[in-house]
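Reader: I have the sequence and the coordinates open. Let us go through the backbone and then the ligand site.

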Amino acid sequence: MENNVIHIGIIGLGAIGERLMNLFQTREDIVVSAICDTSKARLQEVAETFTITNKFTNYQDLLDRTEIDAVYVAVPPKFHEAIVLAAISAGKHILCEKPLANSVEEAERMVDAITKTNLVHAMHFPLNYQASLQQFEQLFKDGYIGELRRINLKMHFSHWPRLWQQSDWVAGREQGGYVLEVGVHWIQAIQRIFGKITEVRSQLHFPEDPSLCENAIIAEMKLENGTSVLIDGLSNIGGEEQLEFAAYGTDGTIMLRNWRQLLAAKSGEALQELEISFGNGNNLISEFVKAIHGEKAELYDFQNGYDAQVVLEALRHPINNDWQKLN
Ligand SMILES: NC(=O)c1ccc[n+]([C@@H]2O[C@H](COP(=O)([O-])OP(=O)(O)OC[C@H]3O[C@@H](n4cnc5c(N)ncnc54)[C@H](O)[C@@H]3O)[C@@H](O)[C@H]2O)c1
């Protein structure tokens, strides 16, 4: 690493890969020194837009470059494991997209491999750095809602895949669907704020085409203390997209609506939108950089990714509509 500048390689240049590429470009302590995508057309387009000369269709060619300190893996979920394991062998620090993998077994192998190294490993779970969720968490910890009685997650989509993410895999059953794409953000956040999810009972509904992902989910999960977490997911319906994450307590309710809007109410009051006035100011990329420089950082790592994957896979793979106990 020269002059403390981190050389990063990006593998996967789709909707989200480009989003982080734009963030990397705003920094002086990071150089995107190589990019990789199996789509030649996409690779060429991104190389031209961002003036990057080292471009590869095979990720191993990128990993073989010795000047690269870290990689950002932004390919669809079923390709995470192979690329992450190769990146570990190449000794690169890793920022991986969520979900960590496409099965618990894959996620476990990734955690096993990374924990044998001193490499930095981080997941892109952006909710953790969002002031609205941090303020939600603070209200909860300050006792605003009293004793927690229930958590509800509502995911209603007029279009799935959403109009900004029209990739085939997102619509597919193998590695797509909104339980995986969207649900995993909230599973991770729930476990961070409220503790481990220990039981899951899930009902999924699918369209007739066996290649397509769920069009509905009704699920109940339990926290260690028995508190229920309900999931109500529905797609391809009328109205606008509605995403609501709410914690109901003996004295009050707090809710995040459409990711960023924070609402709260005490018993008998109407929900009111709160101004976002709280937040630790951390962001994932700065924290990733700090960790690579050996400083203390707020990162959500592969273990957090694994813990979310265990719950995610129980939701995606119901067993006779019965409760599944999670280890
Ligand atoms: N953190 C978030 O908020 C967030 C949001 C959306 C998506 N994601 C995650 O990001 C990842 C990518 O999602 P997306 O919407 O950008 O997908 P996308 O389909 O738009 O892009 C994926 C890109 O990866 C390329 N690719 C596929 N296999 C490859 C391989 N083996 N080697 C190199 N390139 C390969 C494809 O050609 C494509 O350009 C997924 O894991 C998804 O779950 C995260």
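Reader: In which loop is the place of Asn-320?

Author: This is a predicted model. Asn-320 is not a glycine, although its phi is positive at about 50 degrees. Its place is in the loop between helix H10 (302-316) and strand E15 (324-325).

Reader: Which loop holds Asn-236?

Author: Asn-236 also is not a glycine and has a positive phi, here of about 60 degrees. Its place is in the loop between strand E10 (228-235) and strand E11 (242-249).

Reader: What is omega for the cis peptide bond that joins Lys-98 and Pro-99?

Author: Pro-99 is found in the loop between strand E5 (93-97) and helix H5 (104-115). The bond joining Lys-98 to Pro-99 is cis, and its omega is about -15 degrees.

Reader: Where is Pro-161 found?

Author: The peptide bond from Trp-160 to Pro-161 is cis, with omega near 0 degrees. Pro-161 is found in the loop between strand E7 (148-157) and helix H7 (168-171).

Reader: Turning to the ligand, which of the 28 residues around it come nearest?

Author: The shell around the ligand has 15 nonpolar, nine polar and four charged residues. Of the 28 residues around the ligand, the nearest are Asp-37, Glu-97, Ser-167, Trp-169 and Glu-181.

Reader: How far does a polar side-chain atom of Glu-181 lie from an oxygen atom of the ligand?

Author: Polar contacts here are pairs of N or O atoms within 3.5 Å. A backbone N or O atom of Ala-15 lies 3.1 Å from a ligand oxygen atom, and an N or O atom in the side chain of Trp-169 is 2.8 Å from an oxygen atom of the ligand. For the polar side-chain atom of Glu-181, the distance to a ligand oxygen atom is 2.4 Å.

Reader: How much of the ligand's accessible area does the protein cover?

Author: On its own, the ligand has 850 Å² of accessible area. The space taken by the ligand is the largest pocket. The protein's cover of that accessible area comes to 89%.

Reader: Which elements give two or more residues to the shell around the ligand?

Author: By domain, the shell draws at least three residues from each of domain 1 (6-125 + 283-301) and domain 2 (128-276 + 310-325). By element, those giving two or more residues are helix H1 (15-25), helix H4 (80-89) and helix H8 (178-194).

Conventions. Residues are numbered from 1 along each chain as its sequence is written. This is a predicted model: local features need pLDDT of at least 70, side-chain atom pairs count only at pLDDT 80 or more; totals for chains, interfaces and linings use all residues. Side-chain values use heavy atoms; hydrogens and water are left out. A residue is near a molecule or strand if one of its heavy atoms lies within 4 Å of it. A polar contact is a pair of N or O atoms within 3.5 Å; within protein, one must be able to donate a hydrogen and the other to accept it, and residues adjacent in sequence count only if both atoms are side-chain atoms. Accessible areas come from the Shrake-Rupley method with a 1.4 Å probe; for residues, only the protein chains shown count as cover. On a 1 Å grid over the protein atoms alone, a cavity is a set of points where a 1.4 Å probe fits but cannot get out, and a pocket is an open set with protein on both sides within 12 Å along at least five of seven lines; lining residues have an atom within 4 Å of a point. A molecule sits in a cavity or pocket if more than half of its atoms lie within 2 Å of its grid points. Helices (H or I, at least four residues) and strands (E, at least two) are DSSP runs, numbered from the N terminus. Ala, Val, Leu, Ile, Met, Phe, Trp, Tyr, Cys and Pro count as nonpolar, Asp, Glu, Lys and Arg as charged, and the others, Gly among them, as polar. Domain bounds come from an automatic or database domain assignment.
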